[in-house]
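Here is a short briefing to read with the model open beside you. We start with a cavity and then move to a strand and its neighbours.

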Amino acid sequence: MAVSPPPLRVAVLDDYQGIAATVDWSPIPRPVDLLAIREHLAPGDELVARLADREVVVAMRERTPIGADLLSRLPTLKLLVTTGPFNAAIDVAAAHRLGITVCGTGGAITPTVELTWALIHALQRHVIAEDAALRAGRWQQTVGADLAGATLGLVGLGRIGRLVAAVGHAYGMRVTAWSPHLTPERAAEAQAQLLDRRSLFESADVVSIHMVLSEATRGLVGTDELAAMKSSAILVNTSRGGLIDEAALIDALRTNRIRGAGLDVYDQEPLPAGHPLTTLGNTVLTPHLGYVTENCMNVFYRDIVDDIVGYCAGTPCRLVKP
């Protein structure tokens with residue numbers, strides 16, 4: 001009689017929407033014992049206890065930092081899967097030292113582009129304020145700002161930035177761009193005008209950030225950049241919270257130094273209740289939804305299952321290296 005393989009204990013972190021329970025795990029050659037953690041648990045004793053017997057842990061983007069200390073307290077962990085091809089919140093080098101395989105997945109960039117424009121529209125046309133006013137019985141309270149003829153300043157002109165630029169052109173906007181290594185030739189490919197950093201902030205009506213967070217880019221947008229912006233301009237960030245000096249941004253918003261900010265990312269996530277940003281009337285805030293769409297989640301979970309199948313077969317795929 002064939003002996004059934006032991007169950008594979010899999011944990012999915014930060015499964016806020018309960019998607020893991022709807023996934024087809026059947027391609028995995030071992031029965032799956034699934035633990036889907038729907039609330040956010042910070043690294044610490046409670047998270048360690050929940051993951052103590054898990055052989056596989058799936059990290060949903062960078063929602064939970066997974067450092068060397070946490071990894072060292074999970075002796076049964078053998079496979080760590082991150083959604084996306086890399087994850088700045090995971091100490092991949094520490095995982096490798098501990099003999100833990102780290103795999104990634106594919107993804108999609110268009111959802112972040114779409115959310116960027118949702119935030120821009122919400123700010124330019126006062127969508128949140130007008131929705132609230134209408135529900136309260138009031139009609140037409142604000143005057144919107146036009147996109148046609150306005151200047152879109154892109155801090156970063158990579159894959160996402162170029163798609164944001166294309167939409168800006170469709171609206172008839174002038175598109176400018178800056179990043180530390182951006183060349184005039186690369187800017188021209190996206191039909192964007194390369195400016196120096198200060199000139200971009202001074203001239204833009206909409207500033208949208210599309211950079212990777214690193215030690216070199218942390219706090220890239222600070223007091224000086226915000227002071228250079230027009231008082232009528234808005235700032236949008238769908239990249240990473242650490243790219244903006246949050247205290248400086250809050251001060252600029254409180255004093256109406258800039259007209260508003262649309263934010264999907266924050267220094268601390270989840271954003272704590274009562275955070276100063278939530279008390280301001282000139283912000284539109286979303287809870288890091290940039291990648292959270294049906295298509296992107298389908299890609300994530302398709303590759304998660306495939307990664308686990310590869311691990312079980314001894315041929316792991318989409319390896320993430322230090």
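N237, G241, I244, E246, L249, L263, V265, Y266, D267 and L277 line the largest cavity. A cavity is a set of points, on a 1 Å grid over the protein atoms alone, where a 1.4 Å probe fits but cannot get out, and lining residues have an atom within 4 Å of a point. Please keep in mind that this is a predicted model: local features need pLDDT of at least 70, side-chain atom pairs count only at pLDDT 80 or more, and totals for chains, interfaces and linings use all residues. Residues are numbered from 1 along each chain as its sequence is written, and side-chain values use heavy atoms, leaving out hydrogens and water.

**The cavity**
- The structure holds 1 cavity of 30 Å³ or more.
- The largest cavity has about 60 Å³ of space, a volume being the space filled by probe spheres set on grid points joined across faces, edges and corners.
- Its lining comprises 6 nonpolar, 2 polar and 2 charged residues; Ala, Val, Leu, Ile, Met, Phe, Trp, Tyr, Cys and Pro count as nonpolar, Asp, Glu, Lys and Arg as charged, and the others, Gly among them, as polar.

- Strands are DSSP runs of E with at least two residues, and two of them pair if DSSP finds at least two bridges between them.
- β9 pairs in the parallel sense with strand β6 (residues 151-155) over 4 bridges, where V207 stands opposite G153.
- Strand β10 (residues 234-237) also runs parallel to β9, joined by 4 bridges, and I234 is the bridge partner of V206.

Note on methods
1 Å grid on protein atoms, 1.4 Å probe; cavity = no way out; pocket = protein on both sides within 12 Å on 5 of 7 lines; lining within 4 Å.
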